[in-house]
Amino acid sequence: MKIDFAKLQDQYQLYKTEIDEAIQAVLNKSNYIMGEEITQLEESLQEFTKAKFAISCSSGTDALLLAMMALDIKPGDEIITTPFTFIATAETIAFLGATPVFVDIDEKTYNLDASLIEEKITSKTKAIIPVSIYGQPADMQKIQDIANKHNLKVIIDGAQSFGSTFNNITDSVWGDISTTSFFPAKPLGCFGDGGAVFTANEELAEKMKSLRVHGQSKRYHHKYIGMGGRLDTIQAAILNVKLKYYEKDLALRQEVASKYTKSLARKDLVLPYVDKKATSAWAQYSVRVKNRDSVQEKLKEAGIPTAVHYPKPLHIQECFEYLGYKKGGFPISEIVSEEIMSLPMNPYLTDEEIEYIIGYF
Ligand SMILES: *Cc1c(COP(=O)(O)O)cnc(C)c1O
């Protein structure tokens, strides 16, 4: 058997007629930049997430930049975040000249450990950026309480978690600004790069809309230093089709995760843990194994692809050497990076395929 990790092709085939028509409609209108499909998508995103304002943009990375630019994050500011994430989370902080301040993760959820945040807060701290790793939000209530107490902003990196919830509220609604990514392999993916920011604050929403088109207030009049951060109309047209079926996709991902968990529980593995207050969008189903290299090799030979998200925590990445962190600084992030391994995860894995994968453990 040969297993496909994300089954992007299957998903296209499933909705092909509708997606092809949606793309063709954009070509027929040639409304490539900020066409009506963008407005439609933003309204649908608001409806789906219950966020007051949804603003589409060019990627999950640019969504983080828009959020921090809207909150006036500048050189010298400190931003607390996790070292166990994709580089974009901390890269964007550093790109704006601010300083990422890392806090270790919880051993069960792999999300920011809220109990370690307060000791890292200084007079320079401006914001906390929790990441909803693998699709599950961090403990947003605890993090929000800490932020309120210290007058800090919260930006959620929800690149992996569109549609997830904490206390029955989507993670697009938690925080001052929440972000997501529509990169093809994310739970809700388009056919290229894309992303969105969410907020309940009208002023921030207006500012991010302006920042996404070079900070303009009206055409060729620029209020802010902004960026070229728009989503393509074609990508919005694709997302408009896929969003209609997303609730179903999420349910199917949950089913796949439950099947994995049920069958793997008996094996010598650490399985994903979802807090009772949370739901996950299951961007990844990641397990911890002691001898990862040999397990990956064995699975590969059997036609089962695996991936490692992420093999090296950010505090020991070369680009962050200047921050002065050392190996050993964040022990949970480090041990998880050494043992974590993601299994094929997508809404279309068959029972037969799941059985086959489980058989190799
Ligand atoms: C994918 C991802 C991003 C970046 O999103 P892009 O759309 O690829 O720019 C940021 N943060 C996390 C946690 C991600 O997984």
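User: In which helix is the place of His 150, and why does His 150 count as partly exposed?

Analyst: His 150 is placed in helix H6, which covers residues 140-150, where helices (H or I, at least four residues) and strands (E, at least two) are DSSP runs numbered from the N terminus. Residues are numbered from 1 along each chain as its sequence is written, and this is a predicted model, in which local features need pLDDT of at least 70 and side-chain atom pairs count only at pLDDT 80 or more, while totals for chains, interfaces and linings use all residues. Side-chain values use heavy atoms, with hydrogens and water left out. A residue is called buried under 20% relative accessible area, exposed over 50%, and partly exposed in between (1.4 Å probe, protein chains only). His 150 has a relative accessibility of 30%, so His 150 counts as partly exposed.

User: What does His 150 touch, not counting residues up to four places away in sequence?

Analyst: Contact means heavy atoms within 4.5 Å, and with sequence neighbours up to four places away set aside, His 150 touches Glu 118 and Ile 121. Thr 17, by contrast, is 52 Å from His 150, C-alpha to C-alpha, and 133 residues from it in sequence.

User: What makes strand S1 mostly covered?

Analyst: In strand S1 (residues 53-57), five of its five residues are buried. Phe 53, Ile 55 and Cys 57 point one way from S1, while Ala 54 and Ser 56 point the other way, and all are buried.

User: How do you know that S1 and S9 pair?

Analyst: Two strands pair if DSSP finds at least two bridges between them, and S1 and S9 have five bridges, in the antiparallel sense. Within this pairing, Cys 57 stands opposite Gly 195 in S9.

User: What makes Glu 107 and Arg 288 a salt bridge?

Analyst: A salt bridge is a side-chain nitrogen of Lys or Arg within 4 Å of a carboxyl oxygen of Asp or Glu. For Glu 107 and Arg 288 the distance is 3.7 Å, N to O, and their side chains meet in a salt bridge. Glu 107 lies in the loop between strand S3 (99-102) and strand S4 (125-129) and Arg 288 in strand S13 (residues 285-288), so the pair ties together parts that are 181 residues apart in sequence. Glu 107 is partly exposed, with a relative accessible area of 41%, whereas Arg 288, at 8% relative accessibility, counts as buried. Both belong to a network of salt bridges that also links Lys 290 and Glu 339, and a search of the whole structure finds 18 salt bridges.

User: How do you know that the side chains of Glu 338 and Lys 327 meet in a salt bridge?

Analyst: The distance between Glu 338 and Lys 327 is 3.8 Å, N to O, and their side chains meet in a salt bridge. Glu 338 lies in helix H11 (residues 331-339) and Lys 327 in the loop between helix H10 (292-301) and H11, so the pair ties together parts that are eleven residues apart in sequence. At 43% relative accessible area Glu 338 is partly exposed, while Lys 327, with a relative accessibility of 60%, counts as exposed.

User: Which residues of H11 are buried, and what do they pack against?

Analyst: Ser 333, Glu 334, Val 336, Ser 337 and Glu 339 are the buried residues of H11, and they pack against S13, H10 and strand S14 (340-343).
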